[in-house]
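Walk me through this structure, step by step. I am new to it and would like to know where to look.

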Amino acid sequence: MIGLARERKFTLIELFQAVKNLLLKNGYEGFTFSILAEHLGVSRGTIYKYYANKDELITAFMIHELNAFLSELQYIDNYQTFEDQFEFLMKQIFDRMNVHTFIEIGKQINGKSNQRVKKNQEELEKLHLEMYRLLQNFINLGKKEKVLKQDIPDSLILAYIFQSLTIPNHFHVPKEEWNRHLKELIKYGLMKRE
């Protein structure tokens, strides 16, 4: 539990859930310890006891989110075919669509604000590379089964998948329909097949 004896206590999970909600609602610029403290029912001092600034807290939160995603992603090899692995990957990504929002927020963070932020950013980079390592077998299987084009670089395939999923839904297409169309675009592209 985090918090002073006379204040409401909260868990790290509660803290990170509040960070997640407020970042999604307010973005990086609109996220402050004052708003977070109010949301949690504690003083700003309580948060400052554990994190020197918002960049430190946001990068710690991002490490938590990426670790959770990677802990699920490691099960991709339990699926035998590329098609099954693709479906598994899409489910994981759709269940955690906000990860990409947080990656974009992470690009706004100045790694020079303190050593802990710099260390967290280095850890995030390692986790990002670990994600690509975990997905290398997925790409290899797709090429082995001749489902993926052999001449397209692996890194481009993965970037295409992840970047396609960051397309904003400006017209508020229902989520399930939107996800189905995104999956179809990733699998088959834009051109009509005969």
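This is a predicted model: local features need pLDDT of at least 70, side-chain atom pairs count only at pLDDT 80 or more; totals for chains, interfaces and linings use all residues.

Start with the rings. The structure holds 7 aromatic pairs. One of them joins Phe61 and Phe102. A pair of aromatic rings is described by two things, the distance of the centres and the angle of the planes. For Phe61 and Phe102, the centres lie 4.9 Å apart and the planes make an angle of 85°. The pair counts as edge-to-face because that angle is over 60 degrees.

Phe61 belongs to helix α4, residues 54–73, and Phe102 to helix α6, residues 98–106. The two residues are 41 apart, so the pair links distant parts of the chain. Phe61 has 0% relative accessibility, so it counts as buried. Phe102 has 2%, and therefore also counts as buried. The cut-off for buried is under 20%.

The charged end of Lys54 sits over the ring of Tyr28, and lies 4.1 Å from the ring centre.

Next, turn to the largest pocket. Its space comes to about 530 Å³. The lining has 19 residues, and Val147, Leu148, Ile186, Lys187 and Tyr188 are the closest to the centre. Which helices each supply at least two lining residues? They are α5 (82–95), α7 (115–144), α8 (154–164) and α9 (175–188). By type, the lining has 14 nonpolar residues, 4 charged and 1 polar.

Key. Residues are numbered from 1 along each chain as its sequence is written. Side-chain values use heavy atoms; hydrogens and water are left out. On a 1 Å grid over the protein atoms alone, a cavity is a set of points where a 1.4 Å probe fits but cannot get out, and a pocket is an open set with protein on both sides within 12 Å along at least five of seven lines; lining residues have an atom within 4 Å of a point. Grid points are joined across faces, edges and corners, and a volume is the space filled by probe spheres set on the points. Helices (H or I, at least four residues) and strands (E, at least two) are DSSP runs, numbered from the N terminus. Ala, Val, Leu, Ile, Met, Phe, Trp, Tyr, Cys and Pro count as nonpolar, Asp, Glu, Lys and Arg as charged, and the others, Gly among them, as polar. Rings of Phe, Tyr and Trp (its six-membered ring) pair if their centres lie within 6.5 Å; planes under 30 degrees apart count as stacked, over 60 as edge-to-face and the rest as tilted. Buried means under 20% relative accessible area, exposed over 50%, partly exposed in between (1.4 Å probe, protein chains only). A charge sits over a ring if NZ of Lys or CZ of Arg is within 6 Å of the ring centre and within 35 degrees of the ring normal.
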